[in-house]
Amino acid sequence: MNAPDTKPARSKGRLLPTIVLAAAAALAGVYFGLDPDKSASTTAEAESLQALQAQLKSTTVLPADFRSVPEFELVGVDGTTLDQQVLEGQWSMMFFGYTYCPDVCPITLQVMKEVVADLEGRNIEPLQVIFTTVDPVRDTAERLKEYVGFFDQDFVGITGELTDINALTRQLGIVASFTANAKNPENYLVDHTASMLLIDPQRRVRAKFSAPHEVGTIVDDYKILIDALG
Amino acid sequence: MKSILLPLALLFASAAHAELPQISDAFINQPPPGAPVAAGYFTINNTASEALIITGASTDQGGEIEVHLSEIIDDVATMSEQESITIEPGEQLEFRHGSYHLMLMGMSDILKPGSEVAVSLETNQGEVQFNMPVMAPGSSHDGMKNMKESMDDAGTAMEGMKHEGDAAAQ
């Protein structure tokens, strides 16, 4: 005899999908809640980004329409105008620092030198390294040419008017703040964002590589990103 | 009288020597041309039964040295000059990438691989003198890997010592 279905609403069969759905919703809520400016257009894109994110060791992947590098007119190491076209048509890693930085900046550039060598050895999509100074008053084109060129002649150095540099950093969410030196005002320090930004050939900011920067981790994360987004 | 002096001298000498802070793995990372500052790293071991307080550093070879701490806070790389660093008895402290380091100012033109800088640390246990050879970047790979470790265990490193007085004015 078939009795009518008298199971309670929270039957075993419906509990698991409910939990999974709630967890996914919570995760999505946390993911989007982390940055209210973010605007992943579809749930499918959000899900595939989450799957990609799960594979990355020390990097945050960003939706394609999150942020683009704006047009800019700055100065290259030869003293001539450098604009946003330097980013177009290839992948670039942008790092922001200054030469009066004894520890973090030279080490990061050395790491990137080794990253590029590693990528070239493995025939992975070439990566252009761009070092933009957050201290253009002291870091002239001449100084940057020596500094950046020491690591790799192909590395791009960017300086320019302080207002133009600040406009760029502000639009990219990069922080740079000056700390006065009471003993010697000329020897001020600059706090600056430690992460590096991965820019795609269309000038979109696709990922943020967190510090501390290690060759192996950067190479692995870059490879995963290129495979998925390249 | 003479027969007592020598044993006494040796006694004092050995006692003093046993308590001297020990320095190891000292080196300066060759700065790129155009860089007005360079970073020096080393490990210091406080073998005495009292705290070791480092209050400064200097060199006779031109230029100045400041003691700094690198930190990354909320994704911002920052450095602050340290007025004093205290290392408890029996503890050691690593000056390394991403952590405590010496900032050498105005000496970049003499900092080439193969050269050495004689450095003097000012401490409560006296001047601690040691040589720091200049190494080309990348030649000290331990330093590179250690940056992550120093970031990770910056918290535990603090347990063995305390530091005070950020000299940088706001």
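On a 1 Å grid over the protein atoms alone, a cavity is a set of points where a 1.4 Å probe fits but cannot get out, and its lining residues have an atom within 4 Å of a point. Grid points are joined across faces, edges and corners, and a volume is the space filled by probe spheres set on the points.

This is a predicted model, in which local features need pLDDT of at least 70 and side-chain atom pairs count only at pLDDT 80 or more, while totals for chains, interfaces and linings use all residues. Residues are numbered from 1 along each chain as its sequence is written, chains are lettered from A and ligands numbered from 1 in the order in which they are written, and side-chain values use heavy atoms, with hydrogens and water left out.

**Stop 1: the largest cavity**

A search of the whole structure finds three cavities of 30 Å³ or more. The largest cavity holds about 70 Å³ of space. Helices (H or I, at least four residues) and strands (E, at least two) are DSSP runs, numbered from the N terminus. Which element gives the most to the lining of the largest cavity? β8(A) does, with four residues.

Colour the lining by class and you get seven nonpolar, three polar and one charged residues. Here Ala, Val, Leu, Ile, Met, Phe, Trp, Tyr, Cys and Pro count as nonpolar, Asp, Glu, Lys and Arg as charged, and the others, Gly among them, as polar.

**Stop 2: Thr193(A)**

Now select Thr193(A), which is in strand β8 (residues 189-193) of chain A. Is Thr193(A) buried or exposed? Its relative accessibility is 3%, so Thr193(A) counts as buried. Buried means under 20% relative accessible area, exposed over 50%, and partly exposed in between (1.4 Å probe, protein chains only).

Show the contacts of Thr193(A), where contact means heavy atoms within 4.5 Å. Leaving out residues up to four places away in sequence, Thr193(A) touches Phe95(A), Phe96(A), Gly173(A), Ile174(A) and Val175(A), and also Asp75(B) and Val76(B). A polar atom of the Thr193(A) side chain lies 2.7 Å from the backbone nitrogen of Val175(A).

**Stop 3: aromatic rings**

Over all chains, the structure holds nine aromatic pairs. Rings of Phe, Tyr and Trp (its six-membered ring) pair if their centres lie within 6.5 Å; planes under 30 degrees apart count as stacked, over 60 as edge-to-face and the rest as tilted.

Select Phe150(A) and Phe151(A): this pair is edge-to-face, with 5.2 Å centre to centre and 80 degrees between the planes. Phe150(A) is partly exposed, with a relative accessible area of 26%, whereas Phe151(A) counts as buried at 4%. Go to chain B for Phe42(B) and Phe130(B), a tilted pair with 5.0 Å centre to centre and 55 degrees between the planes. Phe42(B) lies in strand β2 (residues 37-45) and Phe130(B) in strand β9 (residues 126-135) of chain B, so the pair ties together parts that are 88 residues apart in sequence. Phe42(B) is buried at 1% relative accessible area, and Phe130(B) is buried at 10%.

Back in chain A, select Phe95(A), Phe131(A), Tyr147(A), Phe150(A) and Phe151(A), which ring pairs link into a cluster.

**Stop 4: Arg203(A)**

Next, find Arg203(A) in the loop between β9 (196-199) and β10 (205-209) of chain A. Arg203(A) is buried, with a relative accessible area of 16%. What does the side chain of Arg203(A) make a polar contact with? The partner is the side chain of Glu88(A), at 2.7 Å. A polar contact is a pair of N or O atoms within 3.5 Å; within protein, one must be able to donate a hydrogen and the other to accept it, and residues adjacent in sequence count only if both atoms are side-chain atoms. Arg203(A) has a positive phi of about 70 degrees although it is not a glycine.

**Stop 5: two backbone details**

Select Asn123(A), in the loop between α3 (104-122) and β5 (127-133) of chain A. Phi of Asn123(A) is near 60 degrees, a positive value in a residue other than glycine. Asn123(A) counts as exposed, at 73% relative accessibility.

Finish at Ala211(A) and Pro212(A), which are joined by a cis peptide bond with omega about 0 degrees. Pro212(A) is in the loop between β10 and α6 (215-229) of chain A.

Terms used. 1 Å grid on protein atoms, 1.4 Å probe; cavity = no way out; pocket = protein on both sides within 12 Å on 5 of 7 lines; lining within 4 Å.
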